[in-house]
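Work through the exercises below with the sequence and the coordinates at hand. Each task is followed by a stepwise solution.

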Amino acid sequence: MFALDDTGSGDSLASVLASPLLRRETVEVVAGPTQRTLPGHGFTGPLDFALIDGPHGFPFAHLEYYYLYQHLAPDAVLVLDDVHIRNVNDLFRFVRADAMFELLEVVHTTAFFRRTDAPTFSAVQDGWWEQRYNLRVWPPLAGLSPGGTLRAMVPLRVKERLRAWRRGYVPIESRPRDR
Ligand SMILES: C[S@@+](CC[C@H](N)C(=O)[O-])C[C@H]1O[C@@H](n2cnc3c(N)ncnc32)[C@H](O)[C@@H]1O
């Protein structure tokens with residue numbers, strides 16, 4: 001469990017640790033801001049469950065997602081809380097579209113996902129063009145000129161086909177068959 005040590009300013013961690021519902025011997029507490037503790041943490045095995053419900057300011061839930069998604073085992077459950085907060089909702093939309101996750105249910109403002117058996121997206125390379133969320137053309141992207149908005153709304157696959165067509169490439173299925 002990654003949590004702030006709020007002794008002095010609150011008792012969130014202390015009350016969880018004191019709860020009779022907690023099997024204390026099964027829990028390792030990593031105290032401190034997750035922005036600092038998660039990057040340095042050495043996970044010793046795959047995770048079957050992760051709940052993201054710590055700091056909610058941008059980009060902290062995203063940061064936590066980064067350090068957790070790469071360790072989730074197939075069929076692991078990922079829970080994203082407070083998806084009514086706009087930046088957390090951005091993350092929710094990303095995860096909902098991603099091949100690595102299947103949305104199981106949203107209960108009030110908490111989303112439950114199952115890790116699929118899709119390969120783990122590289123945590124150190126790029127590959128944005130392979131992420132389903134980035135192939136979405138709706139809703140339109142903010143901050144672009146009208147021309148840029150229109151261009152962004154052409155699906156990536158269509159753009160690639162147009163580029164290939166301009167270069168004179170003929171897709172295999174359109175080539176005349178050899179006799
Ligand atoms: C919305 S509460 C949720 C707590 C718990 N998951 C629950 O449902 O009762 C958010 C928790 O994140 C903790 N938190 C806030 N900022 C944090 C940070 N930077 N690193 C780790 N925990 C943090 C707070 O102390 C608080 O306990």
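Predicted model: local features only at pLDDT ≥ 70, side-chain atom pairs only at ≥ 80, totals over all residues.

**Exercise 1.** Find the salt bridges in the whole structure and state which residues are linked in a network.

Solution. 
- Step 1. The search of the whole structure gives three salt bridges.
- Step 2. Asp75 pairs with Arg114, with the closest N and O atoms 2.5 Å apart. This pair links distant parts of the chain: Asp75 belongs to strand β4 (residues 72-81) and Arg114 to strand β6 (residues 110-115), 39 residues apart.
- Step 3. Arg114 also meets Glu102 in a salt bridge, at 2.7 Å from N to O. Here too distant parts of the chain are linked, with Glu102 in strand β5 (residues 101-107), 12 residues from Arg114 in β6.

**Exercise 2.** Classify Asp75, Arg114 and Glu102 as buried, partly exposed or exposed.

Solution. 
- Step 1. The cut-offs are under 20% relative accessible area for buried and over 50% for exposed, with partly exposed in between.
- Step 2. Asp75 has a relative accessible area of 52%, so Asp75 is exposed.
- Step 3. Arg114, at 26%, is partly exposed, and Glu102, at 35%, is also partly exposed.

**Exercise 3.** Describe the salt bridge between Asp90 and Arg93 and where the two residues lie.

Solution. 
- Step 1. The closest N and O atoms of Asp90 and Arg93 are 3.9 Å apart. The cut-off for a salt bridge is within 4 Å, so the pair counts.
- Step 2. Both residues are in helix α4 (residues 86-97); they are three residues apart, which means a separation of about one helical turn.
- Step 3. Asp90 is partly exposed at 31% relative accessible area, and Arg93 is partly exposed at 27%.

**Exercise 4.** Asp82 and His108 have positive phi although neither is a glycine. Is each buried or exposed?

Solution. 
- Step 1. Asp82, with phi about 60°, is in the loop between β4 and α4. Its relative accessible area is 16%, so Asp82 is buried.
- Step 2. His108, with phi about 55°, is in the loop between β5 and β6. Its relative accessible area is 76%, so His108 is exposed.

Technical notes
Residues numbered from 1 in each chain as written. Heavy atoms only, no water. Salt bridge = Lys/Arg side-chain N within 4 Å of Asp/Glu carboxyl O. Helix = DSSP H or I, 4+ residues; strand = E, 2+ residues; numbered from the N terminus. Buried < 20%, exposed > 50% of the residue type's maximum accessible area, 1.4 Å probe, protein only.
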